[in-house]
Amino acid sequence: MSTTAPASRTAPVWPALVADVVAVVAFTLIGIASHDGSLIAAFGRVVWPFALAAAIGWAWTRAWHDPARVWPTGVMIWFTTVIGGLVLRGVSGQGLAWSFALVTTIFLAITMLGWRGLVAALRRAQASAAQD
């Protein structure tokens with residue numbers, strides 16, 4: 001009897017962590033390019049609230065157990081990243097606009113939940129193929 005989880009149920013932690021970091025960094029870079037212009041001056045100021053919130057999301061969900069799960073892991077990390085990032089941004093004096101909050105919510109949902117959705121689809125396809 002094996003005590004390890006089947007390969008189709010879990011995903012490696014590092015690629016999942018990198019995927020979420022890429023989502024937050026891409027969000028930051030696109031925002032800076034669209035609004036601030038000066039990458040060097042703005043990057044640290046813009047990225048830290050969302051990076052910290054994403055790290056908190058990973059920690060409280062204990063995402064390393066199955067980081068590619070859409071629900072509840074991915075949704076909770078996404079929610080924490082959005083709400084936490086917006087709150088940290090606001091309390092640090094960077095300002096908030098409804099349009100920014102909306103773009104943040106949508107972009108991070110597409111990226112942070114999108115890659116997890118692709119993994120879920122691949123898992124289903126693998127499971128189906130294994131049953132045939």
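Buried here means under 20% relative accessible area, exposed means over 50%, and partly exposed is what lies in between (1.4 Å probe, protein chains only). This is a predicted model, where local features need pLDDT of at least 70 and side-chain atom pairs count only at pLDDT 80 or more, while totals for chains, interfaces and linings use all residues. Numbering starts from 1 along each chain as its sequence is written, and side-chain values use heavy atoms, with hydrogens and water left out.

View 1. Helices (H or I, at least four residues) and strands (E, at least two) are DSSP runs, numbered from the N terminus. Read from that end, the order is simply α-α-α-α. The C-alpha trace spans about 55 × 25 × 25 Å along its principal axes. Of the 132 residues, 33% are buried. Carbon and sulfur atoms own 72% of an accessible surface of about 8,000 Å² (Shrake-Rupley method, 1.4 Å probe).

**View 2. Thr104, a residue of helix α4.** Thr104 has a relative accessible area of 0%, so it counts as buried. Look past its neighbours within four places in sequence, and you'll find Thr104 in contact with Phe27, Phe50, Val82 and Leu86 (contact means heavy atoms within 4.5 Å).

**View 3. Helix α3 (residues 70-91) against helix α4 (residues 98-131).** Their axes come within 10 Å and cross at roughly 155°; axes are lines fitted to C-alpha atoms, for helices over the stretch in contact, and angles run from 0 to 180 degrees between N-to-C directions. That makes α3 and α4 roughly antiparallel (over 145 degrees; under 35 is roughly parallel, 65 to 115 roughly perpendicular, the rest oblique). On the α3 side, the contact includes Val82 and Leu86, and on the α4 side it includes Thr104 and Leu108. By class, this contact has 13 nonpolar, 5 polar and 2 charged residues. Nonpolar covers Ala, Val, Leu, Ile, Met, Phe, Trp, Tyr, Cys and Pro; charged covers Asp, Glu, Lys and Arg; the others, Gly among them, are polar.

**View 4. Helix α2 (residues 39-61) packed on α3.** Here the angle is about 145°, with the axes 7 Å apart. Among the α2 residues that meet α3 are Trp48, Phe50, Trp58 and Trp60, and their α3 counterparts include Met76, Ile77, Val82 and Leu86. The tally for this contact is 14 nonpolar, 7 polar and 1 charged residues.
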